[in-house]
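Please open the model in your viewer and keep the selection panel at hand. The tour begins at the ligand and then moves on to the pockets.

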Amino acid sequence: MSDKPFFGDINENIKAIEYNIGEARVKSGREHDDIRVMAVTKTVPTERVNYAIRRGFTLLGENRVQEYLGKRDAYDKSAEIQFIGHLQSNKVKYIINDVSLIQSVDSISLAKEIARLAQKNSITMNILCEVNIGLEDSKTGFSPDNIKEAVYQLSEIEGIKIKGLMTIPPPQSSNVYLKRMQRLYSDMRSEHIPNVDMDILSMGMSGDYFDAVLYGSNMLRIGSALFGARNYTK
Ligand SMILES: *Cc1c(COP(=O)(O)O)cnc(C)c1O
């Protein structure tokens, strides 16, 4: 009775997500690992986002600068915001002082622009390098073959700090790519590159978060499994 009917679906979804993650943790022997779960907010009304925040989803993932700017004042202030969508260099200025991490750094030139604006604002911006693990034309990101060189190059730039890797695997035969990504992340960790904290592996969305836990993800980005199917016409 305490929850408005409008949000009842979110409660049910949270139960399912927590149950599934729990099962995946047990299956992979990761009961005690830190695994963060982000609420992906694209197209979701702010009241629903705020409800998820109150239910413990204090980390929000934003895809679109314009949409975020229209919603941010209505978000509960306790939420941590990270950017996860493709970011154009000319829009970095709108989010540089709002977000704690930009997960979707998909080119050297974007990273340089983030670094430039971070320095201008006297901050260091945390970033993840996005890997196009399936080498899909439809996706941006560093190729698995270039990622090591890119991380070395970016590690020397003032104003940004690499915290790990992010990926959106191809929807088909996702597990092959989750596994490749796990190996790539592990290889990158063992490089021990100066000024790089290779601590975050961000992979796993509504359709593959269970498997992503099995393959070592420690940052799940969940949208529709939490809020329901997206309504793009709105
Ligand atoms: C939309 C989106 C998600 C969440 O997708 P769902 O399948 O709805 O969970 C995660 N990551 C990124 C980068 C996204 O754009």
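Begin by selecting the shell around the ligand, whose residues divide into 6 nonpolar, 4 polar and 3 charged (Ala, Val, Leu, Ile, Met, Phe, Trp, Tyr, Cys and Pro count as nonpolar, Asp, Glu, Lys and Arg as charged, and the others, Gly among them, as polar). This is a predicted model, in which local features need pLDDT of at least 70 and side-chain atom pairs count only at pLDDT 80 or more, while totals for chains, interfaces and linings use all residues. Residues are numbered from 1 along each chain as its sequence is written, and side-chain values use heavy atoms, with hydrogens and water left out.

In that shell, 13 residues surround the ligand, and the closest are Lys42, Asn63, Ser206, Gly223 and Arg230; a residue is near if one of its heavy atoms lies within 4 Å.

Next, show the side chain of Ser206, where an N or O atom is 2.5 Å from an oxygen atom of the ligand. The protein covers 90% of the 380 Å² of accessible area that the ligand has on its own (Shrake-Rupley method, 1.4 Å probe).

Now hide the ligand and look at the space it takes, which is the largest pocket. A pocket is an open set of points, on a 1 Å grid over the protein atoms alone, where a 1.4 Å probe fits, with protein on both sides within 12 Å along at least five of seven lines; lining residues have an atom within 4 Å of a point. This pocket holds about 380 Å³ of space, and among its 19 lining residues Lys42, Asn63, Ile84, Ile168 and Met205 lie nearest its centre.

Finally, select the lining of the second largest pocket, which includes Ile17, Glu18, Arg36 and Phe57. Here α1 (5–27) and β1 (36–40) each give two or more residues, and α1 gives the most, with 3.

Note on methods:
Polar contact = N/O pair within 3.5 Å; in protein donor to acceptor, adjacent residues only side chain to side chain. Sits in = over half its atoms within 2 Å of the grid points. Points joined across faces, edges and corners; volume = space filled by probe spheres on them. Helix = DSSP H or I, 4+ residues; strand = E, 2+ residues; numbered from the N terminus.
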